[in-house]
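Q: I would like to go through this model with you. Could we take it topic by topic?

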Amino acid sequence: MAAMKVVRNLDLERYMGRWYEIACFPSRFQPKDGANTRATYTLGPDGAVKVLNETWTDGRRGHIEGTAFRADDAGDEAKLRVRFYVPPFLPVFPVTGDYWVLHVDDAYQFALVGQPSRNYLWILCRQPQMDEGVYEELVERAKEEGYDVSKLRKTPHPEPTPESQDAPKDGGLWWIKSLFGK
């Protein structure tokens, strides 16, 4: 299989902020019935990126925090490594994965993110809803990169999107359930 085309010279400062998950490949690291899933990225003075992933299940907020950093400081490709400590309620064990930006539009409003095994894929947007034409373009781009796009699952974003971290917390229950495939 051909090597994936990865964004070159990603402007990390422009990439920072909130991204809503429009669709993804289901994974054991996210609840199956999660909604309003989003990621917020903050660039630190050392060049590392603080990552906050959030999702809501049955009105309760689940979240995990991590750090992303360039996989190759000398390279110009948008290949990042992301590290989370699990379980989120007692962060002890480091889990590191690839985060490759495969596409970002010129305005930094839409992104396609994957990784070399092609087991994980995310379609992201700055807004909780995405134009269907843009979505289909990103799906087609993922297909061109060798992804089985039939595995994509759209993420629900019912109105209104939660804006407060004061939502009831699930205490890490989603993470425990994910170990059992729930």
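Q: Is Glu77 buried, partly exposed or exposed?
A: Glu77 is partly exposed, because its relative accessible area is 24%. Buried means under 20% relative accessible area, exposed means over 50%, and partly exposed lies in between, with a 1.4 Å probe and protein chains only. This is a predicted model, in which local features need pLDDT of at least 70 and side-chain atom pairs count only at pLDDT 80 or more, while totals for chains, interfaces and linings use all residues. Residues are numbered from 1 along each chain as its sequence is written, and side-chain values use heavy atoms, with hydrogens and water left out.

Q: Which residue forms a salt bridge with Glu77?
A: The partner is Lys79, with the closest N and O atoms 3.1 Å apart. A salt bridge here is a side-chain nitrogen of Lys or Arg within 4 Å of a carboxyl oxygen of Asp or Glu. Lys79 counts as partly exposed, at 24% relative accessibility.

Q: Which residues are linked with them in a network?
A: The network of salt bridges links Arg8, Asp76, Glu77 and Lys79. Within this group, the side chains of Arg8 and Asp76 meet at 2.5 Å, N to O. That pair links distant parts of the chain, 68 residues apart: Arg8 lies in the segment before helix H1 (12–15), and Asp76 in the loop between E4 and E5. Helices (H or I, at least four residues) and strands (E, at least two) are DSSP runs, numbered from the N terminus.

Q: How many salt bridges does the structure hold?
A: The structure holds eight. Among them is the one between Arg61 and Glu54, at 2.7 Å between the closest N and O atoms; both residues are buried.

Q: Changing topic, how do E3 and E4 pair?
A: Strand E3 (residues 49–57) and strand E4 (residues 60–70) pair in the antiparallel sense over nine bridges. Two strands count as paired if DSSP finds at least two bridges between them. Thr57 has Arg60 in E4 as its bridge partner.

Q: What about the residues between those strands?
A: The hairpin has two residues between the strands, and Asp58 takes a positive phi near 55° there.

Q: Which strand pairs with E4 over five bridges?
A: That is strand E5 (residues 79–86), again in the antiparallel sense. Val82 in E5 is the bridge partner of Ala68.
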